Amino acid sequence: MANSTEGTARIAVTGLATMGSNLARNLARHGFKVAVHNRSFARTKSLIEQHGHEGEFVPAETAAELVASLQKPRQVIIMVKAGGPTDAVIDELADLMEPGDMIIDGGNAHFADTRRREAALKERGLHFVGAGISGGEEGALNGPSIMPGGSPESYKHLGPVLESIAANVDGQACCVHVGPDGAGHFVKMVHNGIEYADMQLIAESYDLLRRAGGLAPAQIADVFRTWNSGDLESYLVEITAEVLGHVDAETGKPFVDVVTDQAEQKGTGRWTVQEALELGIPVTGIAEAVFARSLSARTDQRSALQDGGVNPVDVPDTLVDDVRAALYASKVVAYAQGFDQIRAASETYSWDIDLGAMATIWRGGCIIRAVFLNRIREAYEKSPDLPSLLVDEYFRSAVEQAVEAWRRVVVTAVQAGVPVPGFASALAYYDALRSERLPAALVQGLRDFFGAHTYTRVDKQGTFHTLWGADRSEIDA
Ligand code: 6PG
């Protein structure tokens with residue numbers, strides 16, 4: 001690096017795999033002078049060779065050069081593998097930085113790691129910002145949805161840069177300061193959990209239309225294309241039509257028939273469920289999606305039981321419309337659960353997250369971008385303390401209108417023997433919330449019977465225990 005570039009770059013990116021390179025290019029294209037660095041310099045060189053003309057880049061061979069190239073306060077975005085590699089890069093950078101400088105982790109880190117790193121760097125006077133970045137390679141280049149955590153002070157410096165490279169919907173950037181320390185990565189994690197649930201519901205729709213409804217993948221692609229012009233309009237529905245319509249060049253078969261039916265996962269969906277269990281928030285849609293992926297990979301068990309059969313069943317003429325309604329209603333449940341989880345974490349960690357703002361920044365750039373996020377945003381803008389999205393007037397009536405079709409879909413699937421854990425569990429969740437009395441009262445009775453775990457009563461204050469093994473009289477516990 002020539003000395004003339006010292007102290008001139010506005011921001012830096014280290015870790016130049018596709019996401020990192022694309023983010024650096026996005027920054028450069030928006031007029032920011034970007035310092036770039038990678039563990040192997042060859043990748044840095046190739047970025048400059050291929051895309052150097054897109055803006056002002058400062059290639060750095062070492063972390064020390066990278067840090068020296070920056071204006072103060074320095075801002076370095078790290079785009080490396082979550083876990084150990086992230087810690088190693090943070091340690092190296094932190095030793096080269098000064099109080100007031102910022103390290104931004106743009107990977108899918110676990111929010112607890114982000115909290116730990118933020119606390120450690122704060123002691124050294126450095127800002128650590130865990131920023132969720134969604135939108136895949138395309139989003140990183142052309143405008144992702146960005147969910148930064150960290151201190152409000154760091155956002156003052158970083159916000160304008162991130163907002164200018166983020167996606168933009170109706171003049172609003174898909175980037176906002178989510179909250180302190182790990183809030184950004186937590187919200188990104190739940191985003192991914194919802195992504196899992198959404199994809200599972202889409203997959204169940206396809207499976208049912210194909211195996212019970214007898215439609216071919218190309219026909220189902222058309223169905224999704226049509227759905228994408230209604231209230232289901234979303235990136236995932238749009239690309240479902242693309243994937244289902246794709247034909248394998250080698251075999252001439254539908255692409256979906258030549259792909260192994262074992263879904264993989266990098267872990268953010270699992271983390272979402274693990275954290276939901278800790279917080280006591282039922283995210284059944286996300287959990288079913290994670291388990292459905294795990295089940296798909298249990299090839300030993302599957303091959304031992306496989307009989308290929310679908311039971312003959314009277315499929316309602318309305319199947320396609322019914323599935324559309326079930327997909328919409330189940331999706332509302334999945335989002336309602338995800339937003340509940342964010343609210344619960346926000347209370348637990350004192351993050352003060354604005355749920356409406358999360359819906360706003362998910363409208364563009366990210367994988368779960370969807371037109372109906374406008375409705376979610378409106379719902380939380382109207383009532384920030386909404387107990388559940390399902391209570392909002394618009395969603396309540398939308399789900400009520402869908403519920404008959406939704407039940408028909410679950411019944412048809414169950415009779416046909418096509419698994420729809422996402423649809424069925426979403427419906428069960430909805431029905432549970434609607435129920436005046438839940439059988440949890442019996443569970444309480446059983447707990448008290450075998451373990452004297454006590455119970456409360458509907459008609460008076462206090463905690464009670466019944467002497468089950470004696471005269472069954474009730475005592476104050
Ligand atoms: C995004 C995606 C991105 C990644 C997922 C895939 O928001 O851009 O969510 O983060 O594609 O992590 O996750 P799985 O490999 O676990 O399906």
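A crossover is called right-handed if, with the strands pointing away from the viewer, the path from the first strand over the helix to the second runs clockwise. Helices (H or I, at least four residues) and strands (E, at least two) are DSSP runs, numbered from the N terminus. With these terms in place, β2, helix α2 (residues 41-51) and β3 can be described as a right-handed β-α-β unit. The chain also passes from β1 through helix α1 (residues 18-29) to β2, and this β-α-β crossover is likewise described as right-handed.

The model is a predicted one, in which local features need pLDDT of at least 70 and side-chain atom pairs count only at pLDDT 80 or more, while totals for chains, interfaces and linings use all residues. Residues are numbered from 1 along each chain as its sequence is written, and side-chain values use heavy atoms, with hydrogens and water left out.

The sheet to which these units belong is open and has seven strands, in the order β3-β2-β1-β4-β5-β6-β7, with mixed pairing; two strands are taken to pair if DSSP finds at least two bridges between them. Its edge strands are β3 and β7 (145-148), each of which pairs on one side only. From one strand to the next the twist averages 25°, where axes are lines fitted to C-alpha atoms, for helices over the stretch in contact, and angles run from 0 to 180 degrees between N-to-C directions. Helix α2 packs on this sheet, touching β2 and β3, and its direction makes about 160° with that of β3; contact here means heavy atoms within 4.5 Å.

Strand β1 (residues 11-14) pairs with β2 in the parallel sense over four bridges, and threonine 14 has histidine 37 of β2 as its bridge partner. Four bridges also join β2 to strand β3 (residues 57-60), again running parallel. Within that pairing, valine 34 stands opposite phenylalanine 57 in β3, and alanine 35 stands opposite valine 58. In a regular strand the side chains alternate between the two faces of the sheet. In β2 (residues 34-37), Val34 and Val36 point one way and Ala35 and His37 the other way, and all are buried, the term buried meaning under 20% relative accessible area, exposed over 50%, and partly exposed in between (1.4 Å probe, protein chains only).

Between α3 (63-68) and β4 (75-78) lies the loop that holds proline 73. A cis peptide bond joins lysine 72 to this proline 73, with omega about -10°.

Alanine 183, in helix α8 (residues 183-211), is buried because its relative accessible area is 0%. Not counting residues up to four places away in sequence, alanine 183 touches Val178, Trp351 and Ile353. The C-alpha atoms of alanine 183 and arginine 115 are separated by 8.6 Å, although these residues are 68 residues apart along the chain. Threonine 360, in helix α16 (residues 355-361), counts as buried because its relative accessibility is 9%. With the exclusion of residues up to four places away in sequence, threonine 360 touches Gln172, Cys174 and Arg377.

The last stop is a pair of helices. Helix α15 (residues 319-348) and helix α19 (residues 421-434) pack at an angle of about 65°, with their axes 9 Å apart. The contact is made by Val323, Ala326, Leu327, Ser330, Val333, Gln337 and Asp340 of α15 and by Phe423, Ala426 and Tyr429 of α19. By class, this contact of α15 with α19 has seven nonpolar, two polar and one charged residues, where Ala, Val, Leu, Ile, Met, Phe, Trp, Tyr, Cys and Pro count as nonpolar, Asp, Glu, Lys and Arg as charged, and the others, Gly among them, as polar.
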